[in-house]
Amino acid sequence: MTNERFPPGFFDRTDPGVDDAFYRVPRIVTHIDDDAIAAVGALYEELELHGDVLDLMSSWVSHFTSAPRNLTVLGMNAAELARNPQASETVVHDLNAEPRLPFEDGSFDAAVCCVSVDYLVRPIEVFRDVARVVRAGGLFVCTFSNRCFPTKAIRGWLYSSDAEHGGIVAEYFRQAGGWAEPVVQRRTPAGHFGDPLWAVWADRR
Ligand SMILES: C[S@@+](CC[C@H](N)C(=O)[O-])C[C@H]1O[C@@H](n2cnc3c(N)ncnc32)[C@H](O)[C@@H]1O
């Protein structure tokens, strides 16, 4: 979907190949440093994400300080997801091939997406479908830093500054519909030595 805010080419990637090929080999690594991981967990705690929660674009870690009652993790690599100690359900699903989520309406109290939103080529459709599966009043919380797999990140992200990324994700919420006006925050202090962490979240109207 292109429009005035997201012009043609915005969602193109250097590697347009199927994501299944890129993510086939498990990566049992962390993608942000310990302080940034702690900032993700602290935010989830502050926002009280404790019930039925969906971790989108997940891997072997979900960063909750304590696991939600039911955590469904969705990602590309079954072996990574199988090692996630906080998960109660694992789902392999390619959101770029099929943005519609394989869940019933209103299945979750909240959804999260950590350091991965920049890989979505149809984010507005995904955010719209997250609104379908999150119950009224529930939150969708996206966090990101300044690192990525550059061949798989969308061009619009790579050619924007760190400061602009929050605005891009906020616009995904607005254009998707179904969400209240999003909150954009830097969660690691300015001048912090290490990976910075930003968050954008909104509640399901
Ligand atoms: C940088 S890793 C982040 C993993 C995890 N969220 C974390 O915080 O460590 C990117 C993740 O996005 C997932 N991913 C990438 N493209 C995807 C797609 N098209 N559909 C679903 N998940 C995808 C991959 O499975 C991978 O685990």
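Reader: In which loop is the place of Ile32?

Author: This is a predicted model, in which local features need pLDDT of at least 70, side-chain atom pairs count only at pLDDT 80 or more, and totals for chains, interfaces and linings use all residues. Residues are numbered from 1 along each chain as its sequence is written, and side-chain values use heavy atoms, with hydrogens and water left out. Helices (H or I, at least four residues) and strands (E, at least two) are DSSP runs numbered from the N terminus. Ile32 has its place in the loop between α1 (19-22) and α2 (34-46).

Reader: Is Ile32 buried or exposed?

Author: Buried means under 20% relative accessible area, exposed over 50%, and partly exposed in between, with a 1.4 Å probe and protein chains only. The relative accessibility of Ile32 is 3%, so Ile32 counts as buried.

Reader: Which residues are in contact with Ile32, leaving aside its neighbours within four places in sequence?

Author: Contact means heavy atoms within 4.5 Å. One of the residues concerned is Ser145, 113 residues apart from Ile32 along the chain, with 7.4 Å between the two C-alpha atoms. With those neighbours left aside, the contacts of Ile32 are Ile37, Val40, Cys114, Val115, Ser145, Arg147, Asp195 and Leu197.

Reader: What is the distance between the backbone nitrogen of Leu197 and a polar atom of the side chain of Thr188?

Author: Thr188 belongs to the loop between β6 (183-186) and β7 (198-203), and its relative accessible area is 5%, so it is buried. Leaving aside neighbours within four places in sequence, Thr188 is in contact with Ala39, Asp195, Pro196 and Leu197. From the side chain of Thr188, a polar atom lies at a distance from the backbone nitrogen of Leu197 of 2.8 Å.

Reader: How many residues of helix α4 are buried?

Author: Helix α4 spans residues 123-133 and is mostly covered. Its buried residues include Pro123, Ile124, Val126 and Phe127, and what covers the buried residues includes β1 (52-56), β4 (108-114), β5 (134-144) and α6 (162-176). Of the eleven residues in α4, the number buried is nine.

Reader: How far from a nitrogen atom of the ligand does a backbone N or O atom of Leu95 lie?

Author: Among the closest of the 19 residues that surround the ligand (a heavy atom within 4 Å) are Asp19, Met57 and Leu95. A backbone N or O atom of His93 lies 3.4 Å from a nitrogen atom of the ligand, and a polar side-chain atom of Asn96 lies 3.3 Å from a ligand nitrogen atom. For a backbone N or O atom of Leu95, the distance to a nitrogen atom of the ligand is 2.9 Å.

Terms used. A polar contact is a pair of N or O atoms within 3.5 Å; within protein, one must be able to donate a hydrogen and the other to accept it, and residues adjacent in sequence count only if both atoms are side-chain atoms.
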